[in-house]
Amino acid sequence: GLVDGGYAVFELWPSGTKQNLSVLVRGAFSDPETGSYAVKKYVADQRDEDGRHNKISLVSLNPNKERYPNIELQPKDDDDISRLVW
């Protein structure tokens, strides 16, 4: 798992499910230490009949949720989450 102050190596677009994996995300948010980047756990709902997710949660593993909040995404299609790095 991840440890505070440790290093992490991420793979760009690996195949297979991302469910419950730690992901490096870049978005329109402000992380107190890394700016627009954050490491979160990827948790998605069941895919619909078109194979798309309606809700994706990027869950903070840090217990300080006020400083490191979860991020909720509601993508209309897969292009909305194209900035995720696994």
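## Confidence first

Strand β5 (residues 84-85) has the lowest mean pLDDT among the elements of the protein chain, at 52, while strand β3 (residues 56-59) has the highest, at 90. Where pLDDT is low, the predicted coordinates should not be read in detail.

For the chain as a whole, the mean pLDDT comes out at 78. Residues that reach 70 or more make up 85% of the chain.

## Overall layout

There isn't a helix to be found here: the protein chain has zero helices and five strands. Reading along the sequence, you get β-β-β-β-β. The chain runs to 86 residues, and 24% of them are buried.

## The nonpolar core

Which residues make up the largest nonpolar core? There are eight of them: V23, V25, A38, Y42, A44, I56, L58 and I71. Three elements, β1 (22-31), β2 and β3, each give two or more residues to this core. The top contributor is β2, with three residues. As background, nonpolar side chains in soluble globular proteins tend to be buried together.

Search the whole structure for salt bridges and you get one. The partners are E72 and K55, whose side chains meet at 3.7 Å, N to O. E72 sits in strand β4 (residues 71-73) and K55 in the loop between β2 (35-44) and β3, so the pair ties together parts that are 17 residues apart in sequence.

How exposed are the two partners? E72 has 43% relative accessibility, so it counts as partly exposed. K55 lands in that class because its relative accessibility is 39%. E72 has another polar partner to look at, S57, with a side-chain to side-chain polar contact of 2.7 Å. S57 is found in strand β3, and this serine is buried, with a relative accessible area of 13%.

Is S60 buried or exposed? S60 is buried, with a relative accessible area of 4%, and its place is in the loop between β3 and β4. Its side chain reaches the backbone nitrogen of N62, at a distance of 3.2 Å.

## Out on the surface

Some nonpolar side chains sit on the outside too. L2, V39 and L61 form a nonpolar surface patch, and together they have about 260 Å² of accessible area. L2 comes from the segment before β1 and is partly exposed, at 45% relative accessible area.

V9 is also found in the segment before β1. This valine is exposed, with a relative accessible area of 82%. V23, for its part, belongs to the largest nonpolar core.

Conventions:
Residues are numbered from 1 along each chain as its sequence is written. This is a predicted model: local features need pLDDT of at least 70, side-chain atom pairs count only at pLDDT 80 or more; totals for chains, interfaces and linings use all residues. Side-chain values use heavy atoms; hydrogens and water are left out. pLDDT is the predictor's confidence in each residue, from 0 to 100. Helices (H or I, at least four residues) and strands (E, at least two) are DSSP runs, numbered from the N terminus. A salt bridge is a side-chain nitrogen of Lys or Arg within 4 Å of a carboxyl oxygen of Asp or Glu. Buried means under 20% relative accessible area, exposed over 50%, partly exposed in between (1.4 Å probe, protein chains only). A nonpolar core is a set of buried Ala, Val, Leu, Ile, Met, Phe, Trp, Tyr and Cys residues joined through side-chain atoms within 4.5 Å. Patches are made of residues with over 30% relative accessible area and no salt bridge: like charges are joined within 9 Å, nonpolar side chains (Val, Leu, Ile, Met, Phe, Trp, Tyr) within 5 Å. Accessible areas come from the Shrake-Rupley method with a 1.4 Å probe; for residues, only the protein chains shown count as cover. A polar contact is a pair of N or O atoms within 3.5 Å; within protein, one must be able to donate a hydrogen and the other to accept it, and residues adjacent in sequence count only if both atoms are side-chain atoms.
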